[in-house]
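Subject: Structure handover

Hello,

Please find the structure below. My notes on it follow.

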Amino acid sequence: NYLFGLSGVPWAAFTLGTLVGCAPAVAAYVSAGRLGADIVVNGSETNTGLLLLGIAATILAVSLVGNLASQALKDLDVDLDFDEM
């Protein structure tokens, strides 16, 4: 934000851009908070299939991102061996 203060971006454009750029994340956090509060107060049904799908998707995403990062580091010739410590 300090860098934009030093740039030639007009105040109104910066404010509008910040508002529009932050709105989706704020909406997601508010929605998740409301859903979490509703679950705490009223309880929740458990859907085992959906839970297992979520766990599998999380493991797959972490694996894919890890492999992608490792490949990017190898492409940059970064040594990934930690034996030299």
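What pLDDT does the chain average, and what share of the residues score at least 70? The chain averages 86, and 91% of the residues reach that score; pLDDT is the predictor's confidence in each residue, from 0 to 100. This is a predicted model, in which local features need pLDDT of at least 70 and side-chain atom pairs count only at 80 or more, while totals for chains, interfaces and linings use all residues. Residues are numbered from 1 along each chain as its sequence is written, and side-chain values use heavy atoms, with hydrogens and water left out.

The chain has 3 helices and 0 strands, in the order α-α-α along the sequence. Helices (H or I, at least four residues) and strands (E, at least two) are DSSP runs, numbered from the N terminus. Among these elements, helix H1 (residues 2–6) has the lowest mean pLDDT, 70, and H3 the highest, 91. Where pLDDT is low, the predicted coordinates should not be read in detail.

On overall form, the radius of gyration is 22 Å, whereas a compact globule of 85 residues would have one near 12 Å. That radius is taken over C-alpha atoms, and the globule rule is 2.2 Å times the number of residues to the power 0.38. The C-alpha trace spans about 55 × 50 × 20 Å along its principal axes.

Of the 85 residues, 0% count as buried (under 20% relative accessible area; exposed is over 50%, partly exposed in between; 1.4 Å probe, protein chains only). Ile55, in helix H3 (residues 48–75), is partly exposed at 42%.

Regards
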